Amino acid sequence: MVRGAARQRLPRTGPASRTTGLVEKPSRKRKSRTEFALQEIMSSGGAEDDIPQGERKTVTDFCYLLDKSKQLFNGLRQVLDNRYGLKRWQIGEIASKIGQLYYHYYLRTSETSYLNEAFSFYSAIRQRSYYSQVNKEDRPELVVKKLRYYARFIVVCLLLNKMDVVKDLVKELSDEIEDYTHRFNTEDQVEWNLVLQEVAAFVEADPVMVLNDDNTIVITSNRLSETGAPLLEQGMIVGQLTLADALIIGNCNNQVKFSELTVDMFRMLQALEREPMNLASQMNKPGMQESTEKPARRENPHKYLLYKPTFSQLYTFLAAAFKELPANSVLLIYLSATGVFPSGRSDSEGPYDFGGVLTNSNRDIINGDAVHKRNQSYKEMHCLHPGDLYPFTRKPLFIIVDSSNSVAYKNFTNLFGQPLVCLLSPTAYPKALQACAEDCGRSVKITLEKSTGISPSC
């Protein structure tokens, strides 16, 4: 996720294996998880036959040495703990950083399988109580490490739809924050209480509940599963265009959020992903033991998550995504932002005369003062007008406008004859849905309710 200064786009690469000393397992003769993951990476970059024989030997040697090092490390763990005084919270901190690393790989590559890897590390920390002795030490910075671990674990569980675990973690985090505030008189007490309020509101903001025949709650997912893909209509052609990149932008006032991720951003990013795949479970499938078997490629669109970006930041990332968009690919722009309406009646009806959506103005400072519109005849400089997106229609574009002024994009002009789709959220709701729309974003009808007929992968 991006907030503040713009950062360069990171490469779409991930770790070759899950390197951890937390799981002690005997050596097996089947293909290692490291080799399997490396094979997945090689298959995504090109045909395996194109790899020279010398490089194949290097990869094989690397897999062997890495697996060997993992076995040695597992044997040394107790020695390091007992003889060299390595504390359990230090082991937990290492595992937490590895889990956070996998989470960042998920953000960079959009590969949801990395979420399972992050969850396994975070879950091991909790099950083995690596942070249990932190509260006994009179060091507030260690307690903060524990609180940050809980916050990161909650984010991963939310993305995996593990709501039962989330509720348990929220209760544990509440107890930890209460103990922290009673023991230490620090300046960040208010901030941690705000974090707790945000995550509680985030969990409560999802009103969708599905019951089965036994009246028990069924966990639903907005991600695309192997069996949940909609059937193609007769005569439809597949493979002409592929959704390659997506900008998910959130800038609504007073909206439920957690960790710079609003509810509508959270739902939309899941709608653009496939269900997580556990690499270890894939290895146990029939036929995966053969050396000639390749893992299936899983192409999720690369996503930029921008929380309250300025106009310059939004345009920077939009230009980067446009520049790197592959051939025969589509760029998706999801705008969830407060509407900006025209200040008066205009004689013309151009792409800058109907307003648009608001971008963040907090960082646009001149001489210490925030820049405001000085004359009513001028256009709002912090507004993303429909005309601002016209240059990017030179390539296939899919726009979703989730705003109270979505109608500003109603007459979006296709200047260059490229494929163009523009979905607009409604500007009025029945009273029964008004409160939900205000809390969770107007996209609740677009991204959540599949009964409307709009595919969750749109």
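What share of the contacts in the protein with a separation of 6 or more comes from residues 24 or more positions apart? Such residues account for 74% of these contacts, a contact being heavy atoms within 4.5 Å.

The model is predicted, so local features need pLDDT of at least 70 and side-chain atom pairs count only at pLDDT 80 or more, while totals for chains, interfaces and linings use all residues. Residues are numbered from 1 along each chain as its sequence is written, and side-chain values use heavy atoms, with hydrogens and water left out.

**Overall composition**

The protein comprises twelve helices and 14 strands; helices (H or I, at least four residues) and strands (E, at least two) are DSSP runs, numbered from the N terminus. Of its 458 residues, 44% are buried. Buried means under 20% relative accessible area, exposed over 50%, and partly exposed in between (1.4 Å probe, protein chains only). The accessible surface comes to about 25000 Å², and carbon and sulfur atoms hold 52% of that area, as given by the Shrake-Rupley method with a 1.4 Å probe, where for residues only the protein chains shown count as cover.

**Strand pairing**

Strands of a sheet pair through backbone hydrogen bonds, either parallel or antiparallel. Two strands are taken as paired if DSSP finds at least two bridges between them. Strand E3 (242-251) is largely enclosed by the rest of the structure, because eight of its ten residues are buried.

| Strand pair | Sense | Bridges |
|---|---|---|
| E3 and E7 (residues 329-337) | parallel | nine |
| E3 and E6 (residues 302-307) | parallel | six |
| E8 and E9 (residues 356-358) | antiparallel | two |

Within E7, Val 330 is the bridge partner of Leu 243, and within E6, Leu 306 is the bridge partner of Ile 249. In E9, Gly 356 is the bridge partner of Val 340.

An open sheet of three strands has the order E8-E9-E12, with antiparallel pairing. Strands E8 (339-340) and E12 (383-384) stand at its edges with a single partner strand each, so one side of each lacks a neighbour in the sheet.

**Surface and cysteines**

Val 238 lies in the loop between strands E2 (217-218) and E3, and it counts as exposed because its relative accessibility is 62%. Together with Leu 232 and Met 236, Val 238 forms a nonpolar surface patch with about 320 Å² of accessible area.

Cys 157 is buried, because its relative accessibility is 0%, whereas Cys 422, at 26%, is partly exposed. The count of disulfides is zero, a disulfide being a pair of cysteine sulfur atoms within 2.5 Å.

Key:
Patch = residues over 30% accessible without salt bridge, like charges linked within 9 Å, V, L, I, M, F, W, Y side chains within 5 Å. Salt bridge = Lys/Arg side-chain N within 4 Å of Asp/Glu carboxyl O.
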